[in-house]
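Notebook open, viewer open. I'm jotting down what I look up, one spot at a time.

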Amino acid sequence: MDRLPPLNAVRAFEAAARHLSITLAAGELSVTPGAVSRQIQSLESFLGFALLERGHRQVSLTRKGADYFAAATKAVDILREATRRAKRRSQRKQLKVRAYTTFAMRWLIPRLSGFHAAHPDVEVQLAASLDPVDFKKEDLDAAIRLGDGRWSGCKTYRLVANILSPVASPSLLAKGPRLSKPEDLRHHTLLHSIARPDDWSHWLHVAGASAKVDARAGMTYESSAMAYAAAVEGQGLAMAQLFLVESDLRDGKLAMPFRKTVDMGEYTYYLLTPSHRPESASMRQFREWLLEQFEKVS
């Protein structure tokens, strides 16, 4: 197999050829001129041809030396840039955070650029999953979960009020069957999320329409984000967590046909961090930033 040339010798040659001076190359590399000369001679011996023509006080490149210098310069520049990138990455602090797809897409991701701008040395690696969290078995720094706030082995931070209400596209409300009272929902398609199968039941029960409207009927999607997208397209009514559709409501893509809302109380979104290990400085920065975002809209 072809062998690589001695890399220290290539480095010495590249410096000498760039400066056209053994002495200046030695100063750059913090070695003696004799050491640079020996390295270049070893490279010439390896290659089988002369790279430099030595004068009394200066050196010049041979024709083959000029060709080899052009290639060596590219190789050294690539290595320098790769080294700089690797060092920058090693100096960045990584946070591994798990969230739900809908929460990540509709709330967290649009705001993450603000965190990165404030903390450019912290890299958030965001993963979406419905799986339960076990900080002792998984390499995770934090997770955002929906529940009642009681998780073992975790520190929990309540994020937002979980308020439910039906939403639909304005065009559906204008053209579809009339929706003057909750019972009228039996004439419409209900949109469901697999992750939150009981939301319609909760709202219909509080609204006093559970006996007249089948809370399980309609269409079911893998995530709430998909159900909201279907609602925007006029395919039916979705039971929304209102903080996740605030931009759609503001922009007129969705509307609330009823004033009735249901506050799920302690059953809402929490930030979870492991209780068995100290909180890192970068995790503290992310936690404080996340809580501050919700304080702005509360």
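This is a predicted model: local features need pLDDT of at least 70, side-chain atom pairs count only at pLDDT 80 or more; totals for chains, interfaces and linings use all residues.

**Entry 1: D184.** I started here and asked what D184 touches. Leaving aside its neighbours within four places in sequence, I found D184 in contact with R178 and L179. Next I looked up where D184 sits, and the place is the loop between α6 (170-175) and β8 (190-193). Buried or exposed? D184 has a relative accessible area of 7%, so I put it down as buried, the cut-off being under 20%.

**Entry 2: R111.** This residue is in helix α5, which covers residues 101-118. I checked the accessibility of R111 and got 23%, so it goes down as partly exposed. Then I listed its contacts, again skipping neighbours within four places in sequence: R106, E246 and W289. With E246 there is also a polar contact, side chain to side chain, at 3.2 Å. R111 and L290 are 179 residues apart in sequence, yet their C-alpha atoms are 9.4 Å apart in space.

**Entry 3: helix α3.** I wanted to know how the span of α3 (residues 33-47) fits its 15 residues. At 1.5 Å a residue it should span 21 Å, and the end C-alpha atoms are 21 Å apart, which agrees. Which residues of α3 are buried? They are V36, I40, L43 and E44. Looking down the axis of α3, I see these buried residues fall within an arc of 100 degrees, so they line one face of the helix. Why does that work out? An α-helix has 3.6 residues a turn, so residues three or four places apart point the same way. On the other side of α3 I found R38 and S45 exposed. After α3 comes G48, and its phi is positive, near 90 degrees.

**Entry 4: the sheet.** I traced an open sheet of 5 strands, and I wrote the order as β9-β8-β10-β7-β11, with mixed pairing. Which strands are at the edges? They are β9 (219-221) and β11 (262-263), and each pairs on one side only. Zooming in on β8 and β9, I saw that they pair in the parallel sense over 3 bridges. For S193, I noted Y221 in β9 as the bridge partner.

Conventions
Residues are numbered from 1 along each chain as its sequence is written. Side-chain values use heavy atoms; hydrogens and water are left out. Helices (H or I, at least four residues) and strands (E, at least two) are DSSP runs, numbered from the N terminus. Buried means under 20% relative accessible area, exposed over 50%, partly exposed in between (1.4 Å probe, protein chains only). Contact means heavy atoms within 4.5 Å. A polar contact is a pair of N or O atoms within 3.5 Å; within protein, one must be able to donate a hydrogen and the other to accept it, and residues adjacent in sequence count only if both atoms are side-chain atoms. The expected span of a helix is 1.5 Å times one less than its number of residues. The arc is that of the directions from the helix axis to the C-beta atoms. Two strands pair if DSSP finds at least two bridges between them.
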